[in-house]
Every structure is written in C-alpha cells, then in structure tokens.
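Here is a colleague's note to be read beside the sequence and the coordinates. Please keep both open while going through the numbered points.

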Amino acid sequence: MRFISDDSNPDRSALGPRIRVLGAGLPRCATSSLQAALEMPHMGYFPCMHMAHVAPHSSRLELVIAAMKEEDRRKRQKILHKIFDGYEATTDFPGFWFIDDLMDMYPNAPLVLNQRKGGGEAWFKSLMDSLGFFMSLTYYVICFPIKADRLHYTVHQVA
C-alpha cells in the first residue's frame with residue numbers, strides 16, 4: 001500500500017547524481033501518474049522519487065526535515081544529495097519543495113510542471129480533502145507511537 005510501505009525497492013547501489021527529469025508540480029496534480037509514466041520501461045526513469053518513497057522511512061523523513069530547516073544553500077544541497085542521488089527523476093514531494101535547489105544541482109534535467117484543472121481553488125480543495133488529515137492534531141495523537149508517522153506529521157507542520 002502506497003505511503004504505508006515502500007515495496008518498489010529501487011536499486012540505489014550506484015548512488016550518484018542521476019536525476020534526469022524534474023517534476024515541479026504540487027501534490028494532487030497527477031504527480032503519481034507522472035511517476036508511473038516516468039518509471040515505465042519505455043521511458044526508463046526508474047526509480048522516480050515521490051513521497052511514497054519517503055513516508056514509510058524514518059531516516060528519509062529525518063533528512064527531508066533537516067533539508068527543509070536548513071537555510072544555508074550549500075549545506076541544504078548536501079542533504080538533498082543524500083535524498084535524491086540514485087534516482088532518475090522526481091515528482092511530488094519532496095522534489096517540488098526543493099525545485100530551485102534541484103534545478104541548480106541537476107542543470108541538464110528537463111522540468112515538467114503538472115497543474116490541476118480548475119486552478120488554485122480546486123487544488124486546495126483536493127489537497128485538504130486528501131491530505132488535510134495528516135496535518136491534524138488527531139493524526140498526531142493517533143500515530144504518536146510510530147516514529148515514521150510522527151515525522152510525517154512534522155513534515156506537514158514544517159511545510
């Protein structure tokens with residue numbers, strides 16, 4: 001199940017700056033569909049970083065939070081290399097959050113911007129209807145015993 005377990009098990013054994021496509025669309029703008037398309041064999045951008053590769057892993061969530069809080073560009077990009085190196089592409093979060101840094105880090109990667117039909121109001125409604133619960137105190141209280149869920153809540157609070 002997406003966001004509960006990461007069973008895609010991407011081979012990151014040869015880590016290195018490999019990002020070849022940057023998805024700059026916000027969550028709830030077909031980022032999962034873009035990820036699926038990029039990872040198809042005929043496209044060849046596997047693995048593609050997406051929140052589904054981050055949420056089940058406390059260590060990755062800790063890196064993302066550290067990068068979100070880091071104000072020094074050079075230090076932040078060093079953290080981002082730990083997150084993104086070894087991936088062929090990125091869509092959704094955390095990629096869109098760091099899009100300026102990623103464009104500098106991977107200057108030859110084309111940028112794909114997904115937009116939600118209906119504009120900002122439709123996007124915000126979709127975001128709140130699907131992800132709003134993860135920003136609530138109820139979610140935090142229910143999931144407090146699980147480290148990855150506490151960190152997932154923290155990501156939403158920092159954002």
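Predicted model: local features only at pLDDT ≥ 70, side-chain atom pairs only at ≥ 80, totals over all residues.

1. Four strands make up an open sheet, and read across it they come in the order E2-E3-E1-E4, with parallel pairing. Strand E2 (48–49) and strand E4 (111–112) stand at the edges, and because each has a single partner strand, one side of each is left without a neighbour in the sheet. Strands of a sheet pair through backbone hydrogen bonds, in either a parallel or an antiparallel manner.

2. The pairing of E1 with E4. Strand E1, which covers residues 21–23, pairs with E4 in the parallel sense over 2 bridges.

3. Helix H2. This helix runs over residues 58–69, and its 12 residues reach 16 Å from the first C-alpha to the last, close to the 16 Å expected at 1.5 Å a residue. The buried residues of H2 are Ser58, Leu61, Val64, Ile65, Ala67 and Met68.

4. H2 against H7. The axes of H2 and H7 are 9 Å apart, and the helices pack at an angle of about 20°, which means that H2 is roughly parallel to H7. On the H2 side the contact is made by Ser58, Leu61, Glu62, Ile65, Met68 and Lys69, while H7 contributes Lys147, Ala148, Leu151, His152, Thr154, Val155 and Val158. The crossing of these helices, H2 and H7, is left-handed.

5. H2 against H3. Here the axes come within 9 Å and cross at roughly 155°, so that H2 is roughly antiparallel to H3. Leu63, Val64, Ala66 and Ala67 of H2 make the contact with Arg76, Ile79, Leu80, Lys82 and Ile83 of H3. The crossing of H2 and H3 is left-handed.

6. Helix H7. The end C-alpha atoms of H7 are 16 Å apart, which agrees with the 16 Å that its 12 residues should span at 1.5 Å a residue. Ala148, Leu151, His152, Tyr153, Val155 and His156 are the buried residues of H7, and they pack against H2 and also against helix H6 (137–143).

7. Tryptophan 123. This residue lies in helix H5, which covers residues 119–131. Which residues are in contact with tryptophan 123, once its neighbours within four places in sequence are left aside? They are Leu26, Pro27, Arg28, Cys29 and Arg116. For arginine 28, which is 95 residues apart from tryptophan 123 along the chain, the separation between the two C-alpha atoms is 6.7 Å.

8. Isoleucine 99. Neighbours within four places in sequence aside, the residues in contact with isoleucine 99 are Leu22, Gly23, Ala24 and Leu111. Isoleucine 99 and alanine 24 are 75 residues apart in sequence, yet their C-alpha atoms are 6.5 Å apart in space.

9. Two cis peptide bonds. Most residues other than glycine have a negative phi, and most peptide bonds are trans; against that background, the following places deserve a check by eye. The peptide bond from phenylalanine 46 to proline 47 is cis, with omega near 0°, and proline 47 is found in the loop between helix H1 (31–39) and E2. The peptide bond from phenylalanine 93 to proline 94 is also cis, with omega near 10°, and proline 94 is found in the loop between strand E3 (89–90) and H4.

10. Aspartate 92. The loop between E3 and H4 also holds aspartate 92, which has a positive phi of about 65° although it is not a glycine. Aspartate 92 counts as buried, because its relative accessibility is 6%.

Key. Residues numbered from 1 in each chain as written. Heavy atoms only, no water. Pairing = 2+ DSSP bridges. Expected span 1.5 Å × (residues − 1). Buried < 20%, exposed > 50% of the residue type's maximum accessible area, 1.4 Å probe, protein only. Axes fitted to C-alpha atoms, helices over the stretch in contact; angles between N-to-C directions. Parallel < 35°, antiparallel > 145°, perpendicular 65-115°, else oblique. Left-handed = near helix turned anticlockwise from the far one by under 90°. Contact = heavy atoms within 4.5 Å.
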